[in-house]
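Subject: Structure for you to look at

Hi,

Here is the structure I promised to pass on. Please open it and follow along with the notes below.

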Amino acid sequence: MEFIHPLGFGTIILTFLLLHFWRRPLGSRSGLPPSPPVDSFIGHLRMVAAKNPELVAHEWAREYGDIFHTKIFGQPIIMLNSVKAAIDLLEKRSLNYSTRPGFVVYKLLGWTSTLTFLPNGDQFKNQRKLFQRYFGGSKSQEYQPIQQEEARILAENLLLGDSNDYDKYLRRFAVSIVMRIAYGHQVSSDDDEYNIISRNVATALNATGPPGGMVVDFFPFLQYMPSWFPGTHFANQARRFQGYVRDLHERPIEQIRQKMEVGTAPECLVKSELENLASSQTVGLDFNAQLEDIIGVAGAIYAAGFDTTWSTMTSFLLAMVINPDVQQKAQEEIE
């Protein structure tokens with residue numbers, strides 16, 4: 001068997017890229033908002049890759065308006081610089097603009113059927129409807145007792161526990177709330193299985209970079225290249241850590257179903273939806289699709305809930321420590 005010499009292989013790839021961009025000139029797309037001057041091939045990568053890219057984008061908005069676009073490797077990216085622009089496009093016209101692009105790295109990680117990363121379509125609509133059934137309108141107020149109980153536990157840990165472990169207390173607080181709502185499980189210790197899963201998922205996300213921001217996201221064919229090939233690092237990382245994301249989706253569901261079989265499953269979103277699915281007598285592909293939606297929504301609640309709550313609480317704690325005067329005013333209002 002004859003093998004292609006590495007130099008010849010690289011020439012083939014370079015030729016493919018040149019043909020790709022010659023076929024799609026950087027300025028060929030119509031209907032896009034204004035854009036700053038762009039470099040050939042790399043687009044605005046050199047400018048947005050600098051420190052504080054959000055400040056660069058803000059300066060561009062002063063000249064090109066609240067809605068403008070940039071390009072990176074030929075991929076247009078729409079920038080919104082005001083709350084009004086975001087609401088007008090992402091909320092009022094959500095049917096047109098709420099879809100998600102295909103994130104290659106995140107698909108390799110296993111985020112294929114999770115509400116957060118689904119494009120517009122029937123599955124997205126079904127999962128969003130299911131999500132709103134439990135978090136829309138006044139429904140979310142039903143979870144206040146859970147939040148209050150976990151807040152008391154957090155306050156006790158912060159007051160009486162080791163001050164060096166504050167981050168553990170905050171993470172346990174965040175994970176326990178979403179776990180109780182979605183799966184009916186209360187996290188009681190640092191070595192709780194679901195606390196460990198949340199840390200593992202955070203490790204996976206940190207190791208694979210921001211969604212849509214890796215080279216392989218712009219050149220999807222790189223996911224099929226050998227691990228030594230330039231630009232494949234984050235695809236390799238995604239394959240390495242995909243087991244963590246699989247555990248997040250599968251382990252809680254497995255335990256709920258086991259508890260339901262023996263009649264010990266607590267009331268929660270997943271239990272309620274599994275009971276609805278069983279009573280509907282759905283079979284075959286429809287059953288699998290609905291089960292996948294339940295797993296996807298619960299996984300989104302788990303993954304998105306603990307990380308955002310934990311990071312917000314951590315930032316709040318830091319803000320109070322470095323601004324004692326504000327902390328004092330807040331304390332006076334409470335008292």
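**Salt bridges in the model**

Arg-172 is buried, at 14% relative accessible area (buried means under 20%, exposed over 50%, partly exposed in between, with a 1.4 Å probe and protein chains only). Its salt-bridge partner is Asp-190, with N and O 2.8 Å apart. The two sit in distant parts of the chain, 18 residues apart: Arg-172 in helix α9, Asp-190 in the loop between α9 (166-182) and α10 (193-207). Asp-190 is partly exposed, at 26%.

Two notes on the source. This is a predicted model, where local features need pLDDT of at least 70 and side-chain atom pairs count only at pLDDT 80 or more, while totals for chains, interfaces and linings use all residues. Residues are numbered from 1 along each chain as its sequence is written, and side-chain values use heavy atoms, leaving out hydrogens and water.

A salt bridge here is a side-chain nitrogen of Lys or Arg within 4 Å of a carboxyl oxygen of Asp or Glu. By this rule there are 13 salt bridges.

Arg-133 and Glu-273 form one of them, at 2.9 Å from N to O. This pair spans 140 residues, from helix α7 (122-135) to helix α13 (269-279). Helices are DSSP runs of H or I, at least four residues, numbered from the N terminus. Glu-273 is buried at 7%. Arg-133 is partly exposed at 42%.

Glu-59 also pairs with Arg-62, at 3.2 Å. Both lie in helix α3 (53-64), 3 residues apart, so about one helical turn separates them. Arg-62 is exposed at 62%, and Glu-59 is partly exposed at 46%.

Last, look at Lys-84, Asp-88 and Lys-92: salt bridges link them in a network.

Best wishes
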